[in-house]
Structures are given as C-alpha cells and as structure tokens.
Amino acid sequence: MAVRRVGFYDAKTNKHNVFITNHLDWSAKIIADIYKQRWQVELFFKWIKQNLKIKAFMGNTDNAVMTQVWVVLCIYLILAYLKFQARISQSLQQMSRLIHLDLFAKRDLIQLFRPRRICR
C-alpha cells in the first residue's frame, strides 16, 4: 500500500503538523481538516471516559458496545441541555461529579447546582 507524508502549517496555532496518509490525491488542507475533526471526537471520548466513568465496555458484541455508547451520549446530552436551560455556571465535569456524589439523594437537579447557603 502506498502512503505519503503530508505537512500542513496551521496559522491559528502557529504549528506545522505532519500526517501520514494513504490518500494520495487529497490536498494537505483536506487531510489536516479531517484529522482536526477526528481529534475533536477523540477529546469527546476522553471526556466521556474520565467524567462518566466508562473504563471498559460491559460486553464484547457490537450491540453491547453500541448500547453503552448511546447511553453515555444520552447522559452527555442531558447534562449539556440542563446546563444550557438552567444557565448553570459549573462545567459539565463538575455537574457530572455532583450528580455522582448525590446520586441517591431525592432532590431537584436544578437545586443540586445552585450554591448552598449555610445557615448559622
């Protein structure tokens, strides 16, 4: 299989990136854009693994893996929607940790993210 080395200078980050590809007829810009988009996906899955506590898949079949990925994506979207709708200042990571700590508390989710007042 033929491969080529492609270099691309990113003016935004002031970095020169080098990629190895088997797409011989694609421009360096297209290849760099594809890698940039792929990197965003990698960062998303890294966030999921770190914050939603998915270290390994519970099954080996395609269906088991896809089901777990869909559930995690739904959780992420619910958190993002809650953050947007309630104008919550905490990060998604902080929200995830608060929910994890108060998982079995019977409380409104919005109240969980509001600052608690200490009464003396």
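Here is a short chat about a predicted model.

Residues are numbered from 1 along each chain as its sequence is written. Local features need pLDDT of at least 70 and side-chain atom pairs count only at pLDDT 80 or more, while totals for chains, interfaces and linings use all residues, and side-chain values use heavy atoms, with hydrogens and water left out.

Visitor: Is Ser-96 buried or exposed?
Guide: Start with where it sits: Ser-96 lies in helix α3, residues 92–101 (helices are DSSP runs of H or I, at least four residues, numbered from the N terminus). Buried means under 20% relative accessible area, exposed over 50%, and partly exposed in between, using a 1.4 Å probe and protein chains only. Ser-96 has 9% relative accessibility, so Ser-96 counts as buried.

Visitor: Which residues does Ala-28 touch, not counting residues up to four places away in sequence?
Guide: Ala-28 is found in helix α1, and at 24% relative accessibility Ala-28 counts as partly exposed. Contact means heavy atoms within 4.5 Å. With residues up to four places away in sequence not counted, Ala-28 touches Val-6, Gly-7 and Phe-8.

Methods: Helices (H or I, at least four residues) and strands (E, at least two) are DSSP runs, numbered from the N terminus.
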